[in-house]
Structures are given as C-alpha cells and as structure tokens.
Amino acid sequence: MAVKKGLFFIVLGLKTRYGPWWLGRKKLFYYLPPSLAQLKALAKARNDIALKESDTGSRAEKDTLVCDPMGDIPGKLFLSKSHLMTKNSDEKTLKWMIEIATQLGGRVKDNRNRTYRSCDDYYVDPADEEAARHNASLSS
C-alpha cells in the first residue's frame, strides 16, 4: 500500500473569526474539528475506534489518540483543540478517516487543501481555496 505524504485532517466545517480591535479586526478562517464528545459517541457505536490519552499536548490538557483497537488500521489520529489529524497516511488509514468523517458529517482534507472522496478521488473545495488565500494574505 502506498503512503500518501502530508498532513490529513478531519474537518466538520469552516468558521470565521475576527481578530481583536487593536490588531485591526482582521478576519481569519478556522477549521472545526470533531469534538471529543462526538468521537466518544462514535466509539460507542463502532468497534474499530478506541480513544486513549496521547503523550502529546500540554501538561494540563493531553491530546486524545484515536486508534483501531483490533489493529486492522495501522495509522493513528491525534485530536487536539484545533485538529483531528494524522501524518503520512496509508490507504487503509485514509479510507478509515473518510468513513469516520462521513459518519460525523464532515470531510477529510490534506494540507494542500484537497478534499478526499476516496483514496484516489479528491477535489479542491472553493471555500478552502478562499480561506487559504485570505489567511496567506494576512502574513504577507
């Protein structure tokens, strides 16, 4: 199985926030990850999802590790406050992520703004392009 290089995220939507007035109230786009409560409910309904505490994150709040307790899926997902993600996914893990995202009403995207329907079928969402362009314009 081929490994797909890059970062892969499960996102449920895109939220717009505005910065503080002293920084000029600039508009920023943020991706919404699934909540821990949503993942706990999904873990109860599916036998291929287990939640564990990760060794990443701050001392006060550890990230959550989402994995397959049966060992059929080699990859692991990390849930922090801002992302549910994995790095350099293989095809089995990517398919698993797409199933989870579909069940949660979300989608799987990578760090190049491609949204995946399957391992080989992806498209670029216009909202992602706009958000990336806008956020990049703030840093230049």
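A residue is called buried when its relative accessible area is under 20%, exposed when it is over 50%, and partly exposed in between (1.4 Å probe, protein chains only). The model is predicted, so local features need pLDDT of at least 70 and side-chain atom pairs count only at pLDDT 80 or more, while totals for chains, interfaces and linings use all residues. Residues are numbered from 1 along each chain as its sequence is written, and side-chain values use heavy atoms, with hydrogens and water left out.

Salt bridges come first. The term covers a side-chain nitrogen of Lys or Arg within 4 Å of a carboxyl oxygen of Asp or Glu. The whole structure holds five of them. One of these joins Arg-114 to Asp-110, with the closest N and O atoms 2.9 Å apart; Arg-114 and Asp-110 are both buried. Another joins Asp-128 to Arg-107 at 2.8 Å between the closest N and O atoms. This pair links distant parts of the chain, 21 residues apart: Asp-128 lies in helix α3 (residues 126–139) and Arg-107 in strand β8. Both Asp-128 and Arg-107 are buried. Helices (H or I, at least four residues) and strands (E, at least two) are DSSP runs numbered from the N terminus.

Arg-46 and Glu-99 also form a salt bridge, their closest N and O atoms being 3.1 Å apart. Arg-46 is buried at 13% relative accessibility, whereas Glu-99 is partly exposed at 43%. Together with Asp-48, Arg-46 and Glu-99 make up a network of salt bridges.

Helix α2 (residues 91–104) packs against helix α1 (residues 36–45) at an angle of about 110 degrees, with the axes 11 Å apart. The two helices are therefore roughly perpendicular, a label for angles of 65 to 115 degrees. Axes are lines fitted to C-alpha atoms over the stretch in contact, and angles run from 0 to 180 degrees between N-to-C directions. Gln-38, Leu-39 and Leu-42 of α1 meet Ile-100, Gln-103 and Leu-104 of α2, where contact means heavy atoms within 4.5 Å.

Two residues stand out by backbone angle. Most residues other than glycine have a negative phi. Asn-88, in strand β7, has a positive phi near 50 degrees and is partly exposed at 29%. Asn-113 has a positive phi of about 65 degrees; Asn-113 sits in the loop between β8 (107–110) and β9 (114–116) and is buried at 16%.

How values were computed
Angles under 35 degrees count as roughly parallel, over 145 as roughly antiparallel, 65 to 115 as roughly perpendicular and the rest as oblique.
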